[in-house]
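Student: Could you walk me through this one while I have it open? I'd like to start with the overall picture and then go into particular contacts.

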Amino acid sequence: MMATKGNSGDNRSRSSMSVFIVAGLCCFFYILGAWQRSGFGKGDSIAVEITRQTDCSILSTLNYETHHGIDEGPVKEFKPCPDRYIDYTPCQDQLRAMTFPRDNMSYRERHCPREEEKLHCLIPAPKGYVTPFRWPQSRDYVPYANAPYRSLVVEKAVQNWIQYEGNVFKFPGGGTQFPHGADAYINELAAMIPMDNGIIRTALDTGCGVASWGAYLFKKNVIAMSFAPRDSHEAQVQFALERGVPAVIGVLGTIKLPYPSRAFDMAHCSRCLIPWSGNDGMYMMEVDRVLRPGGYWVLSGPPINWRNNFVAWQRPKEELEEEQRKIEDTAKLLGWEKKHEKGEIAIWRKRLGFHHDQDPQPTMCDSRNADDVWYKKMELCVTPSPETIVYDEDGGVAWKPYPERLNVLPSRISTGSVPGVSADTFQDDNKAWKKHVSAYKKTNKLLDTGRYRNIMDMNAGLGSFAAALDSPKLWVMNVMPTIAEKDTLGVIYERGLMGIYHDWCEAFSTYPRTYDLIHANGIFSLYKDKCDAEDILLEMDRILRPEGAAIIRDHMDVLAKVRRTVKGMRWKTKIVDHEDGPLVTEKVLFAVKQYWVADENNSTSTE
């Protein structure tokens, strides 16, 4: 049982007195140090030494709640959920999904539990769970205990997706369309698409399987957002994240993809089973919306090269021919230029601007709504590109190559497309987050070691936290809350980073235990009047790995409530001052989720 914190008058008096004494000493020696550094003081070396030895960080270990008149009260202990919830995905629950229509994959989309259906317990890890391998070893090996599902081993045996060896799964890098390895397949694409010079940085992999394409793209410094539904291919997205590859549970169904317009440099489908020729080309129109002008779309597999493969695919050649004809017609309607077709691979390039001088004329979408996508229905229309876009001499958007584009001013800001964000705002934000991250590393000394591969920023802003962390050892899922005052997710993609829209009143589209570190800047203040902080913290606990870390930045009164809640969730916590000193009301809570697993009696064990 967790201990309940006492609140006696004597303790409060002593704590208050300690706070004032230490604060006074800190202020005195700070002033003394400033005075001696100005050159007016004597005995400079003595003053510097005294200032160094005065540990002002002791303020963050004192009773802040008492100092600020906040009573934490008793700690609520959260019980473990039953073992059947080990891989629970609240908004993609299989039983709930079956109650929705199957038309256009609607039943595989997000369907979240009602308030009275939400779980208020902790999702257990499976017995035997271990910390995943570090990247790049994790690309090729996943501990069996972490995702104990062998169905894909049998189903995809001849396609080289996944193998079971002892107590690990091995991923040889194969796929349905590239059984001889992703490297050779990617190099074939790179002969037609400029993947080696930093111009192609962000990619979208639709129907990704176990995300081997995205895993091997890291060699070319290309980062892919992979998605696949939670369906009969059990745990494919879970395998991707265990491998250290960005992925979410998702599907092209009836709702727009949770990404901004003009986000990706390249989109890819390798036998993804998406009916591109259906719905009057609506799915291709949605890919067009998220693809930047000058970006590429790769379609690999049926119906490409149907003349030579219709027998092997066991499909009528007339059906395949009609399917490809419709795809070609939609591509022309969208103004895409076909760049390549060889074997079973076809590549189109999205043209710049949109000047359609032939019939039929497409219906144009309202450009003001291009990024308004959360739970919005897909539309049969073409998303126009802004007239302010600058193009290069080769006909592409004038991106800087990555990593240069990480810190140059994004065009969405330079053209005034994000109200209230200027060039100065961008530069100041970059500087501030470099300073914040430098301070984080002094408390959590594992940030630079490769211990944290999958990182999430719950309130990403301009993406400067991810930019300050930039390293081949890690990637950051930059989340743009749907209630954020400014929608800057397009800016994040222009920087060569990636992210997704999400409402934190609902569960995220991922499996449990899929992130190593979660960063939450002001998220609880943002959602203060929107939904229960306890629900957000339980969701953070669900998606955080055992022994994973959290960094929560907010005002002290908010952090006090957060700390009280996570104490009952078996998190170890430490609150530290803002790097500018104890007088700044914003503080930082560092937390580590303790290791515990389910056992036969549905209780927890700690190690």
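This is a predicted model: local features need pLDDT of at least 70, side-chain atom pairs count only at pLDDT 80 or more; totals for chains, interfaces and linings use all residues.

Student: Fine. How many helices and strands does the chain have?

Tutor: The chain has 19 helices and 19 strands.

Student: And what share of the residues is buried?

Tutor: Of the 607 residues in the chain, 55% are buried. The chain exposes about 26,600 Å², and carbon and sulfur atoms supply 52% of that area. As for contacts between residues at least 6 apart in sequence, 69% join residues that are at least 24 apart.

Student: Let's turn to charged pairs. How many salt bridges are there in the whole structure?

Tutor: A search of the whole structure finds 37 salt bridges. One of them pairs the side chains of arginine 513 and aspartate 87, with an N to O distance of 2.8 Å. This pair links distant parts of the chain, since arginine 513 sits in the loop between strand E13 (498–502) and strand E14 (515–521), while aspartate 87 sits in the loop between helix H3 (64–67) and helix H4 (94–97), 426 residues apart.

Student: Are those two buried or exposed?

Tutor: Arginine 513 is buried, and aspartate 87 is buried as well.

Student: What does glutamate 242 pair with?

Tutor: The side chain of glutamate 242 meets that of arginine 545 in a salt bridge, at 2.9 Å from N to O. Arginine 545 belongs to strand E15 (residues 544–555) and glutamate 242 to helix H9 (residues 236–242), so this pair ties together parts that are 303 residues apart in sequence.

Student: And why do you count arginine 545 as buried?

Tutor: Arginine 545 has a relative accessibility of 3%, and buried means under 20% relative accessible area. Glutamate 242 counts as buried too, because its relative accessibility is 3%.

Student: Switching topic: how many of the residues of helix H10 are buried?

Tutor: In helix H10 (residues 282–290), 9 of the 9 residues are buried, so the helix is largely enclosed by the rest of the structure.

Student: Last topic, then. How many disulfides does the search find?

Tutor: There are 5 disulfides in the whole structure. One joins cysteine 81 to cysteine 121, with an S to S distance of 2.0 Å. Cysteine 81 lies in the loop between H3 and H4 and cysteine 121 in the loop between H4 and helix H5 (137–140), so the pair ties together parts that are 40 residues apart in sequence. With 100° about the S-S bond, this link is right-handed. Cysteine 81 is buried at 0% relative accessibility, and cysteine 121 is buried at 16%.

Student: Which cysteine does cysteine 91 bond to?

Tutor: Cysteine 91 forms a disulfide with cysteine 112, their sulfur atoms being 2.0 Å apart. Here cysteine 91 is in the loop between H3 and H4 and cysteine 112 in the loop between H4 and H5, 21 residues apart. The torsion about the S-S bond is about 110°, so this disulfide is right-handed. Cysteine 91 is buried at 1%, while cysteine 112 counts as partly exposed at 23% relative accessibility.

Student: And is the link of cysteine 269 and cysteine 272 left-handed or right-handed?

Tutor: That link is left-handed, with -95° about the S-S bond. The sulfur atoms of cysteine 269 and cysteine 272 are 2.1 Å apart, and both residues are buried.

Key:
Residues are numbered from 1 along each chain as its sequence is written. Side-chain values use heavy atoms; hydrogens and water are left out. A salt bridge is a side-chain nitrogen of Lys or Arg within 4 Å of a carboxyl oxygen of Asp or Glu. Helices (H or I, at least four residues) and strands (E, at least two) are DSSP runs, numbered from the N terminus. Buried means under 20% relative accessible area, exposed over 50%, partly exposed in between (1.4 Å probe, protein chains only). A disulfide is a pair of cysteine sulfur atoms within 2.5 Å. Contact means heavy atoms within 4.5 Å. Accessible areas come from the Shrake-Rupley method with a 1.4 Å probe; for residues, only the protein chains shown count as cover.
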